[in-house]
Amino acid sequence: MQMDFPGMDRFDQAILAALGEDGRMSIADLARRIGLSKTPTQARLRRLEAEGIITGYRALIDPIRLGLDHVAFVEVKLTDTREAALAKFNAALARVPEIEQAHLMASHFDYLLKVRTRSMSAYRAVLGEKISALPHVASTSTYVAMQAVIEDSAALP
């Protein structure tokens, strides 16, 4: 299903889809794939970068092959949700490398964290020594993932 993004035509969307599959694609290959010549393709790519739609390029690393196959989702309830407390909590989250994702939620809890470690015992140490020690943490609840069924942040619908 192709989605319509305001201010983007089918060529812009095709660029994003192609680079989402292969960010190392040459301009010539990208141009050929989307059906434009190199110059307009490169101009569109630069515009998408300048507008902040494309924010960067990076290697996708398989965490399982690195032994990081334990994934836990953690609900976090805070004692204080005023802006200053959220800012302090957010800044502290950024210093915990095992936290792969963090989302402020509109729910019965305040944050949902995705935490990746080598094992349950490593996770317990991260939870007890790092996450529970973050500013304003009142409580946590953990859900352990058995398997990632869909996990692709680069793909557009």
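Is K114 buried or exposed? K114 is buried, at a relative accessible area of 5%, where buried means under 20%, exposed over 50% and partly exposed in between, with a 1.4 Å probe and protein chains only. Before going on, some ground rules: this is a predicted model, in which local features need pLDDT of at least 70 and side-chain atom pairs count only at pLDDT 80 or more, while totals for chains, interfaces and linings use all residues. Residues are numbered from 1 along each chain as its sequence is written, and side-chain values use heavy atoms, leaving out hydrogens and water.

K114 sits in strand 3 (residues 111-117); strands (E, at least two residues) and helices (H or I, at least four) are DSSP runs numbered from the N terminus. Setting aside neighbours within four places in sequence, K114 is in contact (heavy atoms within 4.5 Å) with V71, A72, F73, E98, I99, E100, Q101 and E151. With E151 there is also a side-chain to side-chain polar contact, at 2.3 Å. That term means a pair of N or O atoms within 3.5 Å; within protein, one must be able to donate a hydrogen and the other to accept it, and residues adjacent in sequence count only if both atoms are side-chain atoms.

Now over to the helices. UniProt, in an unreviewed entry, lists residues 8-69 as "domain: HTH asnC-type"; such annotations may be inferred rather than shown by experiment. That span is 53% helix and 0% strand, with its end C-alpha atoms 38 Å apart.

Helix 1 (residues 10-21) and helix 3 have axes that come within 10 Å and cross at roughly 80°, so the two are roughly perpendicular, a label for angles of 65 to 115 degrees. Axes here are lines fitted to C-alpha atoms over the stretch in contact, and angles run from 0 to 180 degrees between N-to-C directions. F11, D12, I15, L16 and L19 of helix 1 meet T41, R44, L45, R47 and L48 of helix 3.

R44, in helix 3, deserves a look. R44 is buried at 19% relative accessible area, and its side chain makes a polar contact with that of D12 at 2.8 Å. Not counting residues up to four places away in sequence, R44 touches D9, F11, D12, I15 and L36.

Helix 3 (residues 38-50) also packs against helix 2 (residues 27-34), at about 100° with axes 9 Å apart, which makes this pair roughly perpendicular. Here I27, A28, L30, A31 and I34 of helix 2 touch K38, T41, Q42 and L45 of helix 3.

Definitions and conventions. Angles under 35 degrees count as roughly parallel, over 145 as roughly antiparallel, 65 to 115 as roughly perpendicular and the rest as oblique.
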